[in-house]
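Here is a set of exercises to work through with the structure open beside you. Try each task before you read its solution.

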Amino acid sequence: MNRSPLIRLGAAAAILALGTLATAGCTKKSDNEAAGATTRAADQVKIALVPGGAHPYFQPWKDAATKAKADLGLADVTFNETSGWDQTKQNDVLKALAAQGYNAFGIFGVAPENINSTFEDLKGQGFPVASLASCPAGDVNKADFCLSTDVELAAYKAGQAAVEAMGGQGNLVHLTGNKVDSNTQRRIAGVQKAVDETGGKVKLLQTVTDVDKDLQSAQKAVADLLAAKGNQIQGIVNTAYNPAVAAAEGVKQAKLPIKVIAIDDDQTILAGIRDGSVAGTVLQNPVGQASVGSYALTKLAGGCTVTKPGVVVDSGSFVVTKANVDNYETDRQAKTDELKKAFDGQYLNCQ
């Protein structure tokens, strides 16, 4: 994938969230807000979760969709990854889903610089819309809300973890996604901040972009890097999914003393943390994005509004090392629960 979901969120993200299905804590909308609004009971709501294309990051959305349908009593929740990382194709998929009766949308936009027009089109038809796992480029979000990782903060955490694993000195390489993606630039800034804090003790030897298209491309990039500079590198920090897996595999096979900080929880990465070949990883919260996003969309379809249209919500990021690799899911679930409560208590206006 050209843009990993370490995923795109504006740097000014606020840590917010959603709660249980009960409307306790919501405030009543004004009569003017309610006038003309299309409201649907939960069993009339059909949610479409639509990433930009196939990518391992989004696979947890499938089970989250099934669970949301049951937990919230929805008419349907579908997961559609057929866009092929083409914005025009994604727009066509969304139109087709609307024609099939889907009436609430959680979307990872292919083109962050253009996705607002897609959001405006869907909202103009009366559909609630969430920007999930990414936010539009710039400072304006035309979706009802964005629930995503604060990518700069998560990359900063990854950079700090890499510096610590390296003993606070040496050469670091950063592997990441699509160079022209504004969120890749945020990730680069996050890692650079962590490096700058070492006062020159850690040098950012190289930032390698555009290596998240697929695992094969990432594996070749890592192999080339290790062949050319392996003996010069003390640490590799990854802020995209495929290069993280490739780095974990490549460094272990090469038997080089390089400290690897990965992203997400691919089984290769978790196994590497347990056997010591991977120093750590920074997890995101894809299940929380899908489940909390579906919850919020259901509330909006039922007549609630967001108190601040386009609000940006950090879905959380978590550093995992050997010390907590067996219980990190507890922290992630706690963050998801916190998100739900915050949406109910602060960020939704409900009847």
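**Exercise 1. Find the partner of Cys-135 and describe the bond between them.**

Step 1. Look for sulfur close to sulfur: a disulfide is a pair of cysteine sulfur atoms within 2.5 Å. The sulfur atoms of Cys-135 and Cys-146 are 1.9 Å apart, and the two residues form a disulfide.

Step 2. Cys-135 sits in the loop between β4 (129-132) and β5 (145-148), while Cys-146 belongs to strand β5, so the bond ties together parts that are 11 residues apart in sequence. Helices (H or I, at least four residues) and strands (E, at least two) are DSSP runs, numbered from the N terminus.

Step 3. Read the handedness. The torsion about the S-S bond is about -100°, so this disulfide is left-handed.

Step 4. Check the exposure, where buried means under 20% relative accessible area, exposed over 50%, and partly exposed in between (1.4 Å probe, protein chains only). Cys-135 is buried at 4%, and Cys-146 is buried at 0%.

A word on the model: it is predicted, so local features need pLDDT of at least 70 and side-chain atom pairs count only at pLDDT 80 or more, whereas totals for chains, interfaces and linings use all residues. Residues are numbered from 1 along each chain as its sequence is written, and side-chain values use heavy atoms, with hydrogens and water left out.

**Exercise 2. How many disulfides are there, and what pattern do they follow?**

Step 1. The count comes to two disulfides.

Step 2. Beside the pair from the previous exercise, Cys-304 is joined to Cys-350, with 2.1 Å from S to S. The torsion here is 115°, and the link is right-handed.

Step 3. This pair links distant parts of the chain, 46 residues apart: Cys-304 is in the loop between α10 (286-301) and β11 (305-306), and Cys-350 is in the segment after β14 (348-349). Cys-304 is buried at 9%, as is Cys-350 at 1%.

Step 4. Counting the bonded cysteines along the chain gives the pattern 1-2, 3-4.

**Exercise 3. Work out the strand order of the six-stranded open sheet, then find what packs on the sheet.**

Step 1. Trace the pairs, remembering that two strands pair if DSSP finds at least two bridges between them. The order is β7-β6-β8-β9-β10-β13, and the pairing is mixed.

Step 2. Find the edges. β7 (202-208) and β13 (318-320) each have a single partner strand, so one side of each lacks a neighbour in the sheet. From one strand to the next, the twist averages 20°.

Step 3. Zoom in on one pair. β9 (residues 259-263) and β10 (residues 280-283) run in the parallel sense, with three bridges; Ile-263 has Val-282 in β10 as its bridge partner.

Step 4. Helix α8 (residues 241-254) lies across β6, β8 and β9 at about 150° to β9. Axes are lines fitted to C-alpha atoms, for helices over the stretch in contact, and angles run from 0 to 180 degrees between N-to-C directions.

**Exercise 4. Is α8 mostly covered or mostly open?**

Step 1. Of its 14 residues, 10 are buried, so by the cut-off for burial α8 is mostly covered.

Step 2. Among the buried residues are Tyr-241, Pro-243 and Val-251. The cover includes β6, α7 (215-229), β8, β9 and α9 (267-275).

**Exercise 5. Which residue does Arg-332 meet in a salt bridge, and where do the two lie?**

Step 1. A salt bridge is a side-chain nitrogen of Lys or Arg within 4 Å of a carboxyl oxygen of Asp or Glu. The side chain of Arg-332 meets that of Asp-265 at 2.7 Å, N to O.

Step 2. Arg-332 lies in helix α11 (residues 328-347) and Asp-265 in the loop between β9 and α9, so the pair ties together parts 67 residues apart in sequence.

Step 3. Arg-332 is buried at 8%, whereas Asp-265 is partly exposed at 23%.

Step 4. Widen the view: Asp-265, Glu-329 and Arg-332 are linked in a network of salt bridges.

Key
Contact means heavy atoms within 4.5 Å.
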